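Dear colleague,

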Amino acid sequence: MELVNLKDAQDTATFCEAVQRGLGKQQGLYFPTEIPTLENVPALLELPFAERSIQVLRALLGNELNEGELESIVQAAFTFSAPVVPVQDNIATLELFHGPTLAFKDFGGRFMAQTLARISAGKPITILTATSGDTGAAVADAFHGIDNINVVILFPKGKISDLQEKLFTTLGDNIHTVAVEGDFDACQSLVKTAFDDPDIREGLHLNSANSINISRLLAQVCYYFEAVSQLPAQAREQLVVSVPSGNFGNLTAGIIAKAMGLPIKRFIAATNMNDTVPRYLKSGEWAPKSTVATMSNAMDVSQPNNWPRIEALIERGYLDKASLKGECVDEDYTQIAMRQLAQAGYTSEPHAAIAYRALSHDLQEGEYGLFLGTAHPAKFRETVENVLGQPLSLPKALAEVAGKDSLAVTLPSSYAELKRYMLDSLA
Ligand SMILES: *Cc1c(COP(=O)(O)O)cnc(C)c1O
């Protein structure tokens with residue numbers, strides 16, 4: 001697989017190099033120089049998830065990673081299902097939250113962890129990342145117990161839900177968690193400073209594991225194939241997929257799946273009030289506003305970091321601009337959608353509800369709609385209980401960690417303190 005830096009055409013990388021580098025020069029994103037088309041999609045759709053995923057990934061990876069390596073990565077990463085659940089006559093949801101941390105980020109996080117563990121050949125690596133919720137949990141769980149890889153996760157002390165915090169601070173072993181006395185931006189700026197500090201970057205072999213890593217996207221391509229494999233034949237001909245979007249990694253993966261030949265007629269990019277992309281698709285003007293806080297907080301992003309990849313997919317002819325529509329859903333309609341889904345017998349949470357609302361609003365006669373369910377409703381328990389006016393029970397994974405103690409250390413928002421902590425506990 002050859003990738004090119006979207007900001008510097010001279011900067012190319014193999015898949016394994018791009019996984020280890022994360023970003024290219026000038027913070028540019030790596031993008032495949034070519035997306036292969038699959039000749040045998042109907043036959044692929046008959047295969048079980050893991051077997052099909054190996055073939056889809058093989059087409060993308062070319063001769064990188066041998067058969068045994070790819071197979072063991074997929075078998076270790078994709079250990080849970082992604083069921084399609086019908087909610088109305090012509091609408092279903094793809095539930096992507098049956099992994100260990102109950103959000104779709106488990107797919108990408110686990111695939112990345114398994115890939116890095118194999119390609120780093122025992123060389124020690126430190127993953128340093130800041131989280132405001134779901135990513136930290138997925139990354140921590142995915143890397144927990146992997147030899148030679150240490151993980152340091154910074155989060156804003158007291159600013160994420162207790163349950164979210166427990167999902168990654170109770171693991172221990174190679175997972176080091178730091179509650180920073182500051183907000184999320186303070187955490188991110190500490191991470192940036194660390195990446196600029198050669199003592200830490202080279203001394204501890206830093207890698208960021210964030211959502212721009214190409215391995216995460218490739219993993220996500222696989223579940224779009226899984227979704228279509230579960231749909232009835234007539235739905236496959238007129239399929240509209242609605243993606244609740246924040247940094248737009250999920251949608252990028254869906255467009256790559258379509259470019260490879262998966263029958264998807266068109267996409268809806270559904271956002272909350274942070275609607276830079278829907279406004280851009282209507283007006284052609286890129287005009288981010290400052291980020292506002294919403295119920296669907298994993299999508300509170302006004303400068304989505306994967307957007308240049310979607311631009312590239314359009315520019316290079318992999319997606320007709322007419323097959324992508326943006327829809328912004330405000331807080332009232334998010335609640336209305338959650339209640340409508342509950343009336344149809346389906347308990348949802350704000351992110352998926354936004355995708356459902358955009359879809360049911362936009363779906364045309366004869367089309368079949370699929371919206372992505374990106375998180376388990378219990379992850380947003382308080383909001384869901386408030387909106388639906390009913391108690392929600394906790395799934396096993398959350399109930400178990402809820403009773404454990406957090407192992408996080410607290411540090412002031414100071415780079416000197418973070419550096420000392422990292423050198424003391426990791427070097
Ligand atoms: C991360 C996240 C999203 C947004 O996904 P992107 O790939 O960043 O667009 C949506 N819903 C939930 C629950 C998430 O955790």
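**Cavity, ligand and pocket**

By class, the lining of the largest cavity comprises 5 nonpolar, 5 polar and 1 charged residues, where Ala, Val, Leu, Ile, Met, Phe, Trp, Tyr, Cys and Pro count as nonpolar, Asp, Glu, Lys and Arg as charged, and the others, Gly among them, as polar. This is a predicted model, in which local features need pLDDT of at least 70 and side-chain atom pairs count only at pLDDT 80 or more, whereas totals for chains, interfaces and linings use all residues. Residues are numbered from 1 along each chain as its sequence is written, and side-chain values use heavy atoms, with hydrogens and water left out.

The structure holds 1 cavity of 30 Å³ or more, and the volume of the largest cavity is about 40 Å³. On a 1 Å grid over the protein atoms alone, a cavity is a set of points where a 1.4 Å probe fits but cannot get out, while a pocket is an open set with protein on both sides within 12 Å along at least five of seven lines, and lining residues have an atom within 4 Å of a point. Grid points are joined across faces, edges and corners, and a volume is the space filled by probe spheres set on the points. Among the residues that line the largest cavity are Ser 245, Gly 246, Phe 248, Asp 275 and Pro 304.

Around the ligand there are 15 residues, the closest being Lys 105, Asp 134, Gly 246, Asn 247 and Phe 248 (a residue counts if one of its heavy atoms lies within 4 Å). This shell has 6 nonpolar, 7 polar and 2 charged residues. An N or O atom in the side chain of Lys 105 is 2.5 Å from an oxygen atom of the ligand, and a polar backbone atom of Asn 250 is 2.9 Å from an oxygen atom of the ligand. Of the 380 Å² of accessible area that the ligand has on its own, the protein covers 96% (Shrake-Rupley method, 1.4 Å probe).

The second largest pocket has a volume of about 250 Å³, and its lining divides into 4 nonpolar, 4 polar and 4 charged residues. At least two lining residues come from each of α7 (162-169) and α17 (381-388), helices being DSSP runs (H or I, at least four residues) numbered from the N terminus.

With kind regards

Key: Polar contact = N/O pair within 3.5 Å; in protein donor to acceptor, adjacent residues only side chain to side chain.
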